[in-house]
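Reader: I am new to this structure. Can you take me through it in short steps?

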Amino acid sequence: MPQLPIRRRHLIAAGGAALALGLISPLAAQSVTPTRTMRGGANNYRPGAPIVDRIGGGGFWMSGTVRRAGDGAPLAGQRIQIWAHTTEGHERDPQSHGATLTDENGMFRLEMPQIVPAFGQPHGHLAYDSGDYETVFLRPVMGSARDTSLEAHFVLQPA
Amino acid sequence: MRGPGRLPAALIWAGLGLALGLPLIAAADSPLLAYRRPVYIAAGFAGVVGLMLLAVQPLLAAGLLPGLSPRQSRRLHRFAGAALVLAVIGHVVGLWITSPPDVIDVLLLRSPTPFSIWGVLAMWALFASATLAVLRRRLASRLWRRAHRGLALVIVAGTVAHALLIQGTMEPVSKAGLSILAGLAVLWAVAGRNSAR
């Protein structure tokens with residue numbers, strides 16, 4: 001078995017790496033700091049927007065992730081509310097609002113009508129307000145008004 | 001008369017008509033209008049009209065528009081000044097009705113949009129300028145002239161920065177053109193020694 005020493009060396013190296021990762025990762029994870037509410041994020045928020053398959057006719061994708069502050073673990077089943085000024089309505093209109101849940105990887109994705117510039121910027125609004133974690137409102141701005149998707153990421157802190 | 005006075009009057013008026021008319025026509029053609037309710041559209045156009053008036057105000061103040069006597073120029077300048085105040089109030093009220101929290105953020109200087117601070121600055125400078133204009137007879141003429149010219153610069157600079165940073169009602173090229181006109185006009189009028197007063 002001439003290859004055994006090599007294997008053993010690999011195993012030791014792998015074990016050492018795992019040990020190192022195990023020691024380092026909790027320290028690295030502590031750098032996952034909670035997302036702060038953005039200025040204007042809560043504007044035209046409507047509490048309790050219903051969970052929907054799609055807002056209006058769709059054609060635009062809002063997506064993102066929800067993780068826990070500290071260890072950065074993905075949070076499944078978290079309700080994220082989304083609203084914007086779109087081709088189908090103003091921010092204040094009830095039909096411009098909808099909610100979705102994160103999957104097992106902490107990811108969410110909701111189809112909605114095309115966001116159009118309002119109050120000078122093409123932007124969307126997102127809220128986490130279920131209470132298990134501290135409430136966060138986000139207001140991401142699109143790089144271009146022609147974009148057909150937008151992302152926003154939450155790192156939540158236990159309430 | 002100075003430089004521009006040598007141009008044929010018809011050319012100056014036609015040029016001014018184009019400089020003011022094109023941005024208005026371009027804004028009226030904006031695809032965004034389809035997604036806005038009338039009060040939001042009106043608020044946007046009040047802003048466009050405000051910028052148009054700002055481009056004309058220095059020309060009237062400096063008496064640069066041909067065919068108008070200094071007296072007519074001054075009267076039109078006052079009239080346009082009052083119209084400008086109304087346009088700004090219409091702009092803010094219309095936006096407030098459209099989205100109250102966004103306008104409250106702007107007025108409290110906590111808006112996420114960088115252009116709004118310039119608009120607020122220009123608005124207060126305009127209100128100050130209008131107040132001084134009303135109280136003008138009680139002011140020393142030197143103080144009045146300095147304050148009015150200084151505020152005019154702030155109003156135009158603030159408004160131009162506000163307008164250029166916005167993605168909205170106005171078409172970008174015609175907006176830039178009108179902004180340049182307003183900027184040059186105010187610099188010309190403020191630098192001029194014999195502006196109508």
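**Questions on a predicted model**

Author: Of the 159 residues in chain A, 43% count as buried. The model is predicted.

Reader: Which pattern does chain A follow along the sequence?

Author: Start with the elements. Chain A has one helix and seven strands. Read along the sequence, the pattern is α-β-β-β-β-β-β-β.

Reader: What share of the contacts in chain A with a separation of 6 or more comes from residues 24 or more positions apart?

Author: Contact here means heavy atoms within 4.5 Å. Among contacts in chain A with a separation of 6 or more, residues 24 or more positions apart account for 73%.

Reader: What is the average pLDDT of chain A? Where does pLDDT stay under 50?

Author: In chain A, 81% of the residues score at least 70, and the average pLDDT is 88. Two stretches of chain A stay under 50. Residues 15-24 are one of them, with one contact beyond four places in sequence. The other has zero such contacts: residues 1-6.

Reader: What is the strand order in the open sheet of three strands in chain A?

Author: The edge strands are strand 4 (107-112) and strand 7 (149-156), and each pairs on one side only. The pairing in this sheet is mixed, and its order is 4-1-7.

Reader: How much does the sheet twist from one strand to the next?

Author: The sheet in question is the open one of chain A with order 4-1-7. From one strand to the next, its twist averages 20°.

Reader: In which sense do strand 1 and strand 4 of chain A pair? Which residue is the bridge partner of Gly64(A) in strand 4?

Author: Strands of a sheet pair through backbone hydrogen bonds, either parallel or antiparallel. Strand 1 (residues 60-68) and strand 4 of chain A share six bridges, and the sense is antiparallel. In strand 4, Gly64(A) has as its bridge partner Phe108(A).

Reader: How many aromatic pairs are there over all chains? Is the pair of Tyr128(A) and Tyr133(A) stacked or edge-to-face?

Author: A search of the whole structure finds six aromatic pairs. One is Tyr128(A) with Tyr133(A), 6.1 Å centre to centre. Planes over 60 degrees apart count as edge-to-face. The planes here are 70° apart, so by that cut-off the pair is edge-to-face.

Reader: Why do Tyr128(A) and Tyr133(A) count as buried?

Author: Buried means under 20% relative accessible area. Tyr133(A) is buried because its value is 13%. Tyr128(A) also counts as buried, because its relative accessibility is 0%.

Reader: Is Gln78(A) buried or exposed? Which residues does Gln78(A) contact?

Author: Gln78(A) lies in the loop between strand 1 and strand 2 (79-84) of chain A. Its relative accessible area is 10%, so Gln78(A) is buried. Leaving aside neighbours within four places in sequence, its contacts are Val66(A), Thr100(A), Leu101(A), Thr102(A), Tyr128(A) and Tyr133(A).

Reader: Which ring does the charged end of Arg109(A) sit over? What about Arg36(B)?

Author: The charged end of Arg109(A) is 3.8 Å from the ring centre of Trp61(A). In chain B, Arg36(B) lies 4.1 Å from a ring centre, over the face of Tyr40(B).

Reader: What is phi of Asn44(A)? What is phi of Leu109(B)?

Author: Most residues other than glycine have a negative phi. Asn44(A), in the loop between helix 1 (4-29) and strand 1 of chain A, has a positive phi near 65°. Leu109(B) is in the loop between helix 4 (100-107) and helix 5 (114-134) of chain B. Phi of Leu109(B) is also positive, near 60°.

Methods. Residues numbered from 1 in each chain as written. Chains lettered and ligands numbered in written order. Predicted model: local features only at pLDDT ≥ 70, side-chain atom pairs only at ≥ 80, totals over all residues. Heavy atoms only, no water. Phe/Tyr/Trp six-rings, centres within 6.5 Å; stacked < 30°, edge-to-face > 60°. Buried < 20%, exposed > 50% of the residue type's maximum accessible area, 1.4 Å probe, protein only. Lys NZ or Arg CZ within 6 Å of the ring centre and 35° of its normal. Pairing = 2+ DSSP bridges. Helix = DSSP H or I, 4+ residues; strand = E, 2+ residues; numbered from the N terminus. Axes fitted to C-alpha atoms, helices over the stretch in contact; angles between N-to-C directions. pLDDT = per-residue confidence, 0-100.
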